[in-house]
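Have a look at the sequence and the 3D view, then read on.

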Amino acid sequence: MSITVLKPGMLSSFQDLGRHGFQHLGVPVGGAMDERAHRLANLLVGNEGDEATLEITLSGPSLRFEAPGCIAICGAQLNPTLNDAPIPNNRPIIAQAGDLLAFGARDAGLRAYIAWHGGADLPAVLGSRSTYIRGGLGGYQGRALKKGDVFAMRADLRGRNLDKLSDRLRDIKVYLPAILGMQPRTAIRTVKSAHAALFTPAAVQAFFSGDYRVSPQSERMGYRLAGPKLELAHTAQLLSEATSFGSVQVPPDGSPIVLMADRQTTGGYAKIAHAASVDLPIIAQSMPGDILRFAEISLEQARALDQQREDAFGKLELALAPLRALFG
């Protein structure tokens, strides 16, 4: 029940929903950059709870199945193939022993997520299987995959009638609510920060009306943005405080940084806004050079959007009960 890495891809690492409860010790939360795609992939292979998925970035890996398994790929469209035949995103797929999973050129998005039924057999570190590469924690040996790596799956589909299982999975209809899909948006919905009052009115207006280009110096820790400079109304010394996924901090050079999954645990730069969690996947799927715009919403609106997303996941989980029943 193992997978052999023939090509690792640009950056392939195991991620779950993160390592919570240790920020006071300097350990980042980490986890999947696109939580929506990660959770969706797990649902589509019948996983209950938060199993680690393989987060792949732009250039996907080549993987050989040494035993049969069921996978789903969600997030970016990187043109996956199984034995050179195209396979779709957002569907459960049965792979036989000896099958080769590979990826082609990118059509949309940046990060895709591969889930396996039963999950990968990885040790939990501080309650999570997420890979924190800078700290060498979690995932597969605390690092991105390399050529020749072999990792194991926990579920064993040997002895099952795989053709019949594949046919029955194909018959299950999967309807994704719009809020769970990769829907393009004209602007990232954003809540103004308590620190916004520290900026000049012109800076606040510029942030919510300007175009910001994703810098090449963007990665899992933060997305640096190039655009209108944001000036403080006066110099202020701020106490360092805990950071959160989606906070938009502004260092002295005036160029905002959106903090992402591997963000530092504390920071003292002023924060002009916080991206609504429902729109974080849009940022995570943005490429260097892409343009981001920001639109102000209220905290109540952000909470309502978050609840809509959770309701959609709940309804989808109920709808996929027949799929889970197929795996017993």
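## Two helices side by side

E35, R36, R39, L40 and L43 in helix α1 meet R309, E310, F313, L316 and E317 in helix α5, where contact means heavy atoms within 4.5 Å. Helix α1 covers residues 35-44, and α5 covers residues 299-319. Both names come from DSSP runs, numbered from the N terminus: helices are H or I runs of at least four residues, and strands are E runs of at least two.

How do α1 and α5 pack, in angle and distance between axes? The angle is about 15°, and the axes lie 11 Å apart. Axes here are lines fitted to C-alpha atoms, for helices over the stretch in contact, and angles run from 0 to 180 degrees between N-to-C directions. That makes α1 roughly parallel to α5, a label for angles under 35 degrees. The crossing of the two is right-handed, meaning that the near helix is turned clockwise from the far one by less than a right angle.

## How the model was read

This is a predicted model: local features need pLDDT of at least 70, side-chain atom pairs count only at pLDDT 80 or more, and totals for chains, interfaces and linings use all residues. Residues are numbered from 1 along each chain as its sequence is written, and side-chain values use heavy atoms, with hydrogens and water left out.

## A mostly covered helix

Back to α1: nine of its 10 residues are buried, which is to say under 20% relative accessible area (1.4 Å probe, protein chains only). The buried ones are R36, A37, H38, R39, L40, A41, N42, L43 and L44. Just after α1 comes G46, with a positive phi of about 80°.

## Strands in a row

Now for some strands, which count as paired if DSSP finds at least two bridges between them. Strand β14 (residues 222-226) pairs with β13 (residues 212-214) in the antiparallel sense, over two bridges. Across that pairing, R213 stands opposite A226 in β14.

Strand β14 is also joined to β17 (residues 257-259), by three bridges, and the two run antiparallel.

## Cysteines without a bond

How many disulfides are there? Counting pairs of cysteine sulfur atoms within 2.5 Å, the total is zero. C70 is in no disulfide, and its nearest cysteine sulfur, that of C74, is 11 Å away. C74 is in no disulfide either, with the sulfur of C70 as its nearest, 11 Å away.

Are these cysteines buried or exposed? C70 counts as buried, at 1% relative accessibility, and C74 is buried with a relative accessible area of 0%.

Terms used: Buried means under 20% relative accessible area, exposed over 50%, partly exposed in between (1.4 Å probe, protein chains only). Angles under 35 degrees count as roughly parallel, over 145 as roughly antiparallel, 65 to 115 as roughly perpendicular and the rest as oblique.
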